[in-house]
Amino acid sequence: MMAACGEEEADCSCLQSLLSPRPPPSIRSKHQHLDFSEPRPSDTEAIHLSHKCRKIESGGECLKVLEEPVSTCNQRTSDDSLQRVVEEHKNALKTRCQHVPEGTYENGKVTPLNKIFTELYITDGLSEDVNTQHEVMQLETTSQRNALHHNPIKCGDIFKPLTKREKYIRVVLMYGVAGIGKTFSVQKFTLDWAAGLENQDVNLVVPLSFRELNLIKDGRYSLLELLWVFHSSLQEMAAETLAACKLLFIFDGLDESRLQMDFNNSRVVSDVTEESSVDLLLTNLIRGNLLPSALVWITSRPAAGDRIPPRLVDRVTEVRGFTDSQKEEYFRIRFSDEDLSNRIISHVKTSRSLHIMCLVPIFCWITATVLEHMFSTDEREELPKTLTDMFSYFLLVQINKKKQKYGGEYEASPQELTESDRRHLLKLGQLAFEHLENGNIVFYQEDLEQCGLDAKEVLVYSGVCTEIFKRESVIFQKSVYCFVHLSIQEFLAAVYMFQCFTSRNTQVLDNFLNMHVPDLNTFLTEAIMKSFESKNGHLDLFVRFLHGLSLEANQRILGGLLGPTDNSSEVISNAIANLKQMKSVDIPPERSINIFHCLMEMNDQSIHQDIQEFLKSQNKSETKLTEVHCSALAYMLQMSEKVLEELNPEKYNTSMGGRQRLVPAVRNCRKAKLSNSRLSDVHCEVVASALRSNPSHLRELEMSVNKLQDSGVKLLCAGLESLNCRLETLELRNCSLSRLSCASLASALRSNPSHLRELKLSENELEDSGVELLCDYLANPQCRLETLRLSCCRLSQVSCASLTSVLMSNPSHLRKLELSYNELQDSGVELLCEFLRAPQCRLESLGLQRCSLSQLSCASLASALKSNPSRVRKLELSDNKLQDSGAELLCDYLEFPQCRLESLRLRHCSLSKIGCAALTSALKSSPSYLKELELSYNRLQDSGMELLCGFLELPQCRLEILRLRGCSLSGDSCTSLASTLKSKTDPSHLREVVLSYNRLQETDLKMLEEFRGQEDGKNASFTEEDDLVFI
């Protein structure tokens, strides 16, 4: 009995621990500022616990009776405790999320979130391959595609299946460019949950920002401790309760993370009380090892999203910002003056660059700030039309605000910057530039100090000039700094770099450009070439700003900030000319469009006007296009609301480099013919991006006669495997591919097998091992391939065995199989015939030209096709030594009543008039279906033609094409043919006869002249040298 009582006392102790958990000493020592005092139970709870313990002590006879009441009490008290914790947590989150600052918190200006929040346009799925584009280019693509996407999703529904077929969604990755509204979406989601409005099936929502997690990245914590550290409202949450809850963890700002998350080699952590590194905790949460039922929502700028393996993500969403109507709504809400809001909306619409950037809510605010200032002053300055104009004026407005507050006098134009302002701005520019190079957008005090910025001065400056640089206080009251938007960081970085040029700061310039820059032209040229070295285009907007800052108008706006420089009209004209003459060498086609944007920032509209005129032209092939013209054309085709039916660079009057710059237009076309364009890996990446885009319009892709090699195909497969890819035809003929490409293709097509209908890989050295790998794709039940072309791929009978095996198991869709110019031999054809005999075989066209076949193959084919005769329409057996005996064996099939053959090609098969006689006899018995007969380069002679004429004169003959090139014919054959056609009472179906390379005279051909222009015929000249003769 004592033992039993001891166990019950232990249970009571555990119960008390569950209700009032106390963080371990390690946490209390780590974070002294948090209140970890042990909460006292309420009087009712204390009496309840005391009553239970007294009952347990009264004797063993009561124990059995009281087991159930104690368990029930346990559950009820635990539920009450959980409910109390949840309510406290909701209240804490409401306090945190219900207001948002204007600028920074130092101003004391906060606004209710629900008052200003506008529902953002969020889509299920990612629109673009985002790692090869600057975020501004992504905005440009988004602006064109918002109207085309049909899967919008509300922020509150991101964990809900959209269809009945969707599986349980545990991990959601939300993309969005900087400033697009990801954090506001998190804040709104959290506030609605805390207020009891949305997602009440979730017990606990736990928002954590990577910006805060960076501060403890070197510490060791359990998951439970991590919650206590960042959410003091959860200090009473115990491990047992946590495991029983439905939790949602929100990790905001993956792109700001400095954690090293390894999803392949990390140790498994499954206990919420086990201490480990912070990155290990997050890795196991996302992988599902830790709290496997917990939901996880991660937000990120696009370029950082690949840090989470796709296999771990159940849904990808994208915040696309404001639609056009939401942009207007924003300006109308911001300004009560209707005339002012209308003027701002009207001006934004006049500039494509400004209109596109206003997809980003914060850029709407920047635009409103600048235009409100300009419309409300007596200045007669020209309104900003380019991005450089807008940001220059934005900086002007902020400097004036600072002067107004600290200088007492409002200055309309900062012609004379104070030395303090100049020093601060250039140091901020240095910070912006150095971290832009490294891809950092979040800074800490040590980062400021490295640039010579005094933290106290920055706080004052940040508190005033809040729209440029802001400070945020996070856990431990440690300051985190960032620019309000990435574009502001890029602009200030450009200001700093341009000032380094004007002040001849050779050390900075040499480190950046790795060369001496004697003049403005060299400086701008080398800067843009440097930007092309970046794989994700992170310097693209920076160099656009550099070109815009070279103009005297923008330098005048910024006062003395940039310093004097030689920017005469002649210098600027030379810089523009240099941009227009840039060649494609070492410039990725996707990135060359930035040359066009740089011209626009320099107010040069000539290229844009040229392309507008070109698109209206009726004779486009007569217009010579430079490479920069092609870049601009590709950009405009991408941005067009109309999807291009066909992109064929060969049709444009331009250089090879110009053709290559047109490649990015594949993003907005249905058919792309890119053959013979000297494409390389970078072009394959662009095409893969088009295949991945959402929506992807590309249905036919032809990239033949390019030295893509296996590396190019591997890059291409990154697009083919995307579920967004809807490609139906892929042609990669003569692309220097090997078996490795087959492995890549098979893997990609297995991931997305249902759309491809035609695969053409001829003239590549794939070999038997490559075909064997391809068969892994063909075996997929979802494979819908109808055409497979593998001519001249160094195949043998081994490939026939592989293909037969897989097609026998999954044969119902293949209609055309082309295996010509391979050493298949008779044994290979015999294997293929097993497939042809199968009742489920649907093959309509079989190509076996020059496959080292003999009469034995004719016997096999005739036997197989008689077993399943009604499907095959085209049989190509040219350039095989079949001889007359082989033709005779084939005739066994041709005279079969169910034979539906429409095209028979027996070119150069060692036939004579004997073979011709056998064919004629068979066709006479069942002649009504054959429309094409190819017998060129067989020694048929005039006697053979005479036999054929016996078939042609039949009323049921439907032959349309007869090719008899090089058949040892003389004028007598023309006489026989003319006589036959003349004697027919019904119009002949024959429309094409090939008689070249025979012993014919011009007078012989004249006998056929009278048949030109018949109802079913076509006009043509008749000479012995003609390759084709039409009658």
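Trainee: How many helices and strands does the secondary structure of the chain come to?

Mentor: In this predicted model, the chain holds 41 helices and 26 strands.

Trainee: What makes a residue count as buried, and what percentage of the chain is buried?

Mentor: A residue is called buried when its relative accessible area is under 20%. Of the 1031 residues in the chain, 57% are buried. The accessible surface of the chain comes to about 43,300 Å², and carbon and sulfur atoms hold 47% of that area.

Trainee: Why is the largest set of 296 residues called a nonpolar core?

Mentor: The name applies because its members are buried residues of the nonpolar kinds, joined through side-chain atoms within 4.5 Å. The members that touch the most others are F249, W297, F523, F542 and L848. Helix α20, residues 486-502, contributes the most to this core, with 11 residues. Another core lies apart from it, with seven residues that include L215, V442, V480 and L486.

Trainee: Which residues is L848 in contact with, leaving aside its neighbours within four places in sequence?

Mentor: Contact requires heavy atoms within 4.5 Å. Among the residues that L848 contacts are E818, L819, L824, V829, L832, L853, L861, L877 and N880.

Trainee: How do you know that helix α40 is close to its expected span?

Mentor: The expected span is 1.5 Å times one less than the number of residues. Helix α40, residues 971-983, has 13 residues, and the expected value is 18 Å.

Trainee: Which residues of α40 are buried, and what covers them?

Mentor: The buried residues of α40 are G971, S973, C974, L977, A978, T980 and L981. Their cover includes α39 (941-952), β25 (992-994) and α41 (1002-1006).

Trainee: Why do β3 and β5 count as edge strands of the six-stranded sheet?

Mentor: The sheet is open, with mixed pairing and the order β3-β10-β4-β9-β7-β5. β3 (122-124) and β5 (204-209) each have a single partner strand, so one side of each lacks a neighbour in the sheet. On average, neighbouring strands of this sheet are turned by 20° against each other, direction ignored.

Trainee: How do you know that β4 and β10 pair?

Mentor: Pairing requires at least two bridges between two strands. The bridge partner of M174 in β10 is T317.

Key:
Residues are numbered from 1 along each chain as its sequence is written. This is a predicted model: local features need pLDDT of at least 70, side-chain atom pairs count only at pLDDT 80 or more; totals for chains, interfaces and linings use all residues. Side-chain values use heavy atoms; hydrogens and water are left out. Buried means under 20% relative accessible area, exposed over 50%, partly exposed in between (1.4 Å probe, protein chains only). Helices (H or I, at least four residues) and strands (E, at least two) are DSSP runs, numbered from the N terminus. Accessible areas come from the Shrake-Rupley method with a 1.4 Å probe; for residues, only the protein chains shown count as cover. Axes are lines fitted to C-alpha atoms, for helices over the stretch in contact, and angles run from 0 to 180 degrees between N-to-C directions.
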